[in-house]
Every structure is written in C-alpha cells, then in structure tokens.
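This report goes through selected features of one protein model. The sequence and structure come before the details.

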Amino acid sequence: MRRAMRNSVVVTLSVLWFVPTYLLLVNGTTPANKYSGSPQWLPNGFGLLGNIESAWSDANLGPAMLNSLLYALIGGLLAVIVASLAAFATVVMSVRRRALWFWLIYVGTLLPLQVFIQPLYSAYAKTNLYDTQLGLIIIYVAFCIPFAYFVMRNYLATVPREVTEAARIDGASWWRLFWRIHVPLSKSAMVAAFVFQFVAVWNDLLFGIALTTSPNIRPVMAALADLQGTYAGTAPPVALGGALVVSLPTVILFFVAQRFFVSSLKLNL
C-alpha cells in the first residue's frame, strides 16, 4: 500500500512538473499567425521552424549564444577551480576558524542578487567595466564561487583523512597533494559543480540586463528578453521557439555529464 501511494505521488508530481514543458512545446510549435492570444493545450499546426527562424533573426541569438557560452565556460571553470582551492584549504589543510571561512565565502548566496545591482552598476561605470565582456566574466565568477565552494567542501569532507596523512608522511607538499590526489578524487564533484554553475550563468537575466547594453556583449537571456518586451511586437510562439533553442545547450550538457552526477551520488552515499 505504501509503495503504491509513493508511486502515485511521484507520478503526480512528475506530471505537474512536465505541464510547463508541455505548454512550451505546444505553443512553441504553433504558427505565429494561428496563435489565438491564449495558451494552446493542443497542437494547432507546425510552425516551429518558422518561429525559430524569426526569433534567431529578430533577437540576433547566434552572437548572444556565443557570448553566453563564453561567460558560462570561463565563469564556471574559474569558479570551480577557486572553490576547490578554498575547499581544500578549509577542509584538508590546518586552517584556523574553518567555520568562519565557510560563512565568509558562502554568505554571498544568502542575499538576493538585486541588492548588488546598484553598487555594481556604480563601480562598473567608474572603472569602465560596464558593458564589457570582462565585467560580466568577473561578476559571474564571483557569483558562482559560493555554491561551487559549498559542493566541493561537502565532498572533500567525505575523503578519509588517512589519505592526506599518508601523503604528508611521504613528503608531498600541499600543492602536490591538491593536484595529484584530491583533484582526481574530486573529479565527479567538480564536474557536477561546473554543470550547476554553467546553467546558472547561462540562465542569468538580471546581470545581463543591468550591466550591458550592446548587442555584441549581452548574454542570450537578455537577447531573448527583447522578444518579450512590452514594445517588442513579437508573437509569443516566436519567443517560445527561441526559448527552445536557447535551452538546448544546457539539456545537452546535463545528458553528457549524467554519469558524473551518478558517480558523485554513489560516492556520497
């Protein structure tokens, strides 16, 4: 009985979770000239390719996707490297006040991002970082470090201390211990942390709108938002078609990195 109830709850939640995706697919494939103005629950023709073509040209999605790819790759990689070093220092090395260091790094995730916009805008305007790729990369790296640190710290806490003690007895330096032992052991956790941060940067809209104005600098979500503005004049199916294209890189990345998630889960269990 319990198993049947659990399965029913899981199936119900899965169906509810899939409803927005279903509406996205149905309305994204509806031809723009057949859209009634209200959400479609049943397919009404197939205009997906036309919608994607319109979104691609109207929002200039190609360069915007390349910009987001640059930001997500560099931001995610640098954040994971810095977070791994910080986690290694606060978990493996003999650092005093480890709890204090943890909260100093992690506290950035506890504040709403909106509180950073005004000081960031003022600082970027004064330092000529506003509307630049370097400016966005810097903020994305800083934005990604706390959560990546949280993941890496929790993972390194599961590594037996005997590994560190044996390596130190054999004369290994802290730097050698990190790169030759802990990085290979933490590969699955690092990949998982990178995937999460890649998706976070790729899906960012707030910083993309607040800190950029040029089409050749803005990330893809800011470009996609132009299709849905009050004065855009774009039919919703076109914007939804663009959203489907924009979501593909993150979906592909999750499938490619799936085995690392499974490996990380098994090791933590």
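## Basis of the values

A residue is called buried under 20% relative accessible area, exposed over 50%, and partly exposed in between, with a 1.4 Å probe and protein chains only. The model is predicted, so local features need pLDDT of at least 70 and side-chain atom pairs count only at pLDDT 80 or more, while totals for chains, interfaces and linings use all residues. Residues are numbered from 1 along each chain as its sequence is written, and side-chain values use heavy atoms, with hydrogens and water left out.

Ser84 is found in helix α3. Helices are DSSP runs of H or I with at least four residues, strands are runs of E with at least two, and numbering starts at the N terminus. Ser84 counts as buried because its relative accessibility is 2%. Contact means heavy atoms within 4.5 Å. Not counting residues up to four places away in sequence, Ser84 touches Met152, Leu156, Phe178 and Met190.

Ser186 lies in the loop between α8 and α9 (187-202). Ser186 is also buried, at 2% relative accessibility. With neighbours within four places in sequence left aside, the contacts of Ser186 are Met152, Tyr155 and Leu156. The C-alpha atom of Ser186 is separated by 41 Å from that of Gln228, 42 residues apart along the chain.

## Nonpolar surface patch

A nonpolar patch on the surface is formed by Leu66, Leu69, Leu73, Ile74, Leu77, Leu78, Ile81, Leu85, Trp175 and Trp179, which together have about 900 Å² of accessible area. The elements giving two or more residues to this patch are α3 (61-91) and α8 (174-185). Helix α3 gives the most, with eight residues. Patch residues have over 30% relative accessible area and no salt bridge; like charges are joined within 9 Å, and nonpolar side chains (Val, Leu, Ile, Met, Phe, Trp, Tyr) within 5 Å. A salt bridge is a side-chain nitrogen of Lys or Arg within 4 Å of a carboxyl oxygen of Asp or Glu. Areas come from the Shrake-Rupley method with a 1.4 Å probe, and for residues only the protein chains shown count as cover.

Leu78, one of the patch residues, is placed in helix α3. Leu78 counts as partly exposed, at 40% relative accessibility.

## Aromatic pairs and cluster

The whole structure holds 17 aromatic pairs. Rings of Phe, Tyr and Trp (its six-membered ring) pair if their centres lie within 6.5 Å; planes under 30 degrees apart count as stacked, over 60 as edge-to-face and the rest as tilted. Tyr121 and Tyr130 make an edge-to-face pair, 5.3 Å centre to centre with 80° between the planes. Both are partly exposed: Tyr121 has a relative accessible area of 39%, and Tyr130 has 24%. Phe178 and Trp179 are likewise edge-to-face, 5.1 Å centre to centre with 80° between the planes. Here Phe178 is buried, at 4%, whereas Trp179 is partly exposed, at 37%.

One aromatic cluster consists of Phe102, Trp103, Tyr106, Phe147, Tyr149, Phe150 and Phe196. The charged end of Arg153 sits over the ring of Phe102, 4.3 Å from its centre; this term requires NZ of Lys or CZ of Arg within 6 Å of the ring centre and within 35 degrees of the ring normal.
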